[in-house]
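I opened this notebook to look up charged side-chain pairs and what surrounds them. The structure goes in first, then the entries.

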Amino acid sequence: ALKQAYRHVLKQHVPEGYVRFIWLDIDASLAQDRCDKRHEDHFFPSHLIASQLSTLDMTVDEAFCHVSIYKPDTTIDDIIQHITSIIIMKG
């Protein structure tokens, strides 16, 4: 749900509070590097990164959880742990 309008549609069809958006905020070059290291049969081709990032219409205020990924060695487990701590804290 890259655009606010898409997120609005998702939220209007469920009770308040059931849909939360997590913003994985990442630099384009780091995203490119991480994608390039994936298996070649991964569903998301790295050539789409620029268009996805330019389409993204997200604000910190709108995101339930804002995760900034600045280090190349950030793992999926690190990201999940951060998100989980936010969920526990915010409820």
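Entry 1. I note that the model is predicted. I began with the pair of Lys 37 and Asp 33, which form a salt bridge. I read 3.3 Å between the closest N and O atoms of this pair. I then looked up accessibility: Lys 37 is exposed at 64%, and Asp 33 is partly exposed at 31%.

Entry 2. How many salt bridges does a search of the whole structure find? I got two. Besides Lys 37 with Asp 33, I have Arg 7 with Glu 62, where the closest N and O atoms are 2.8 Å apart.

Entry 3. Is Arg 7 buried or exposed? I found a relative accessible area of 0%, so Arg 7 is buried, the cut-off being under 20%. Glu 62 has 17% and therefore also falls under that cut-off.

Entry 4. I went on to Met 58, which sits in the loop between H3 and E2. Its relative accessible area is 14%, and I list Met 58 as buried. Which residues does Met 58 touch, leaving out those up to four places away in sequence? I recorded Arg 7, Phe 21, Trp 23 and Ala 63. For Met 58 and Phe 21 I also noted the C-alpha to C-alpha distance, 9.4 Å, at a sequence separation of 37 residues.

Key: Residues are numbered from 1 along each chain as its sequence is written. This is a predicted model: local features need pLDDT of at least 70, side-chain atom pairs count only at pLDDT 80 or more; totals for chains, interfaces and linings use all residues. Side-chain values use heavy atoms; hydrogens and water are left out. A salt bridge is a side-chain nitrogen of Lys or Arg within 4 Å of a carboxyl oxygen of Asp or Glu. Buried means under 20% relative accessible area, exposed over 50%, partly exposed in between (1.4 Å probe, protein chains only). Helices (H or I, at least four residues) and strands (E, at least two) are DSSP runs, numbered from the N terminus. Contact means heavy atoms within 4.5 Å.
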